[in-house]
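Please look through the following structure slowly, with the sequence beside it.

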Amino acid sequence: MIRLFDVRPREVAVVAWCWLDIFSILSSYYIMRPIRDQAGVAGGVQNLQWLFTGTLVAMLLLNIPFAYLVKRLPRQRFIAITYHFFVVNILLFAVLFHVADAQTVWVGRIFFIWASSFNLFVVSTFWQLNVDVFSPEQGKRLFGLIAAGATLGAIVGSAVTASLARHVPPMVLLVGAALLLEVAAFSAGRLSRLSEALRPRSLAAGAEAPIGGGVLAGITHIVRSPYLLNVAVFLLLFSITSTFLYFQQAAIVSGAFRDRGAQTAFFATVDLLVNVLTLVVQLLLTARIVMALGVALTLGVLPALTIVGFGALAAVPTLMAVAAFQVVRRAADYAVARPARELLYTVASREDRYKAKSLIDTVVYRTGDQVGAWSVTLLRALGLGVAQVSFAAIPLAALWLVNALWLGRRQERLAARQTVAPETTGSPRTVATSPSPL
């Protein structure tokens, strides 16, 4: 098994805790995701753009205290605080859904905003820890395998909600999601401590020291660095095209199903299919794809598929077409694009791995949601239907493809010339701790 996945003996325990951590996070989120999607449809498809606006505001507000925690606290403590904050939030929503009754639509809208924020923030925090622990070389070998733990968790969470959504109230599902996130918090603590054994003693001590820097360093470093700025553009274009597809799906599903339970079950079924396909690719192909194609071509896979997918949806705007596009695109994102995208941060400084990455993964991502949501609203106001809106997304995907190829080549050059130090595993490790000239 170790030989099959190219995991070195000293990496096994660290990868195992990574698996449990991200498995628990994604199980928790995918239990809640269909509830979020149904809440978005129940609040009116015509109001979705306002929910995306609210999510962007929430992301901006969350990043300020998070940057402060990163500046002042050791890594293990600020990660634990982040997880526990969201656990408390989940339990509060469980109570609200239980007592809301006539106000369920408004509680659902608030939950949509919160769940959209939770997903990005907690998953980003997990990957921040990973890019801080593993070297670029280790990332190429291991990030696909680690991401498989996320997919397995998503499969379990989707299956739970798909089977129980018609039979139990949201409160029960949310309590289960909170318990899973507590498991993730424990796993992150174990991972952080265990990862120190993989480092030379000097680096191990520095890994748990407060990172310091400024609260606004995430913004200033992105603006000053062409590399980080293009990482932001990559995620912005990914998010815009994702939102175009999400709105297309919402419009088609709201017309195809009238029953809320049927809508939730459909969303959960799509999630399940996405994650089964993703798991197969992650376990068998991801590392081989990254090693064979390199970072640049691997990053280009998802934009290329997006061009083809929107072209197909423009030609055949049906329920089956949008479901197939979602399954293929999201599987390619989770199995191929996401591990490659995380590799981009392994050549950045420690401060940028947390502050700049957090800002890009949350605020920039949700800015893309916002641009996409209002763009679709404008296009529909001009009288464009599903087919025409899909066609309008193709030029954005083409621009995204060009960006992905440049960014991947830049990462490969930086990884080749960065300062490295031998790890106890025999792998090189980035030792930069201050902003690097990216």
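A salt bridge is a side-chain nitrogen of Lys or Arg within 4 Å of a carboxyl oxygen of Asp or Glu, and by this rule Asp333 forms a salt bridge with Arg341, the closest N and O atoms being 3.9 Å apart. This is a predicted model, in which local features need pLDDT of at least 70 and side-chain atom pairs count only at pLDDT 80 or more, while totals for chains, interfaces and linings use all residues. Residues are numbered from 1 along each chain as its sequence is written, and side-chain values use heavy atoms, with hydrogens and water left out.

**The chain as a whole**

- The chain contains 15 helices and two strands, where helices (H or I, at least four residues) and strands (E, at least two) are DSSP runs, numbered from the N terminus.
- Of its 438 residues, 58% count as buried; buried means under 20% relative accessible area, exposed over 50%, and partly exposed in between, with a 1.4 Å probe and protein chains only.
- Among the contacts with a separation of 6 or more, 88% are between residues 24 or more positions apart, a contact being heavy atoms within 4.5 Å.
- The accessible surface of the chain is about 16600 Å², and 71% of this belongs to carbon and sulfur atoms; such areas come from the Shrake-Rupley method with a 1.4 Å probe, and for residues only the protein chains shown count as cover.

**Salt bridges**

- Arg75 counts as buried because its relative accessibility is 1%, and Asp132 is buried because its relative accessible area is 0%.
- Asp132 also forms a salt bridge with Arg350, where the closest N and O atoms are 2.7 Å apart; Asp132 lies in helix α5 and Arg350 in helix α14 (residues 350-381), so the pair ties together parts that are 218 residues apart in sequence.
- Arg8, Glu11, Glu137 and Arg141 are linked in a network of salt bridges.

**A buried glutamate**

- Glu342 lies in helix α13 (residues 319-343), and Glu342 counts as buried because its relative accessibility is 0%.
- Leaving out residues up to four places away in sequence, Glu342 touches Trp127, Val131, Phe143 and Lys357.

**Aromatic rings**

- The structure holds 23 aromatic pairs; rings of Phe, Tyr and Trp (its six-membered ring) pair if their centres lie within 6.5 Å, and planes under 30 degrees apart count as stacked, over 60 as edge-to-face and the rest as tilted.
- One of these pairs is formed by Phe93 and Trp114, which is tilted, at 5.4 Å centre to centre and 50° between the planes, and it joins Phe93 in helix α4 to Trp114 in helix α5, 21 residues apart.
- Phe97 and Phe111 form an edge-to-face pair, at 5.4 Å centre to centre and 80° between the planes.
- Phe97 counts as buried because its relative accessibility is 14%, and Phe111 is buried because its relative accessible area is 0%.
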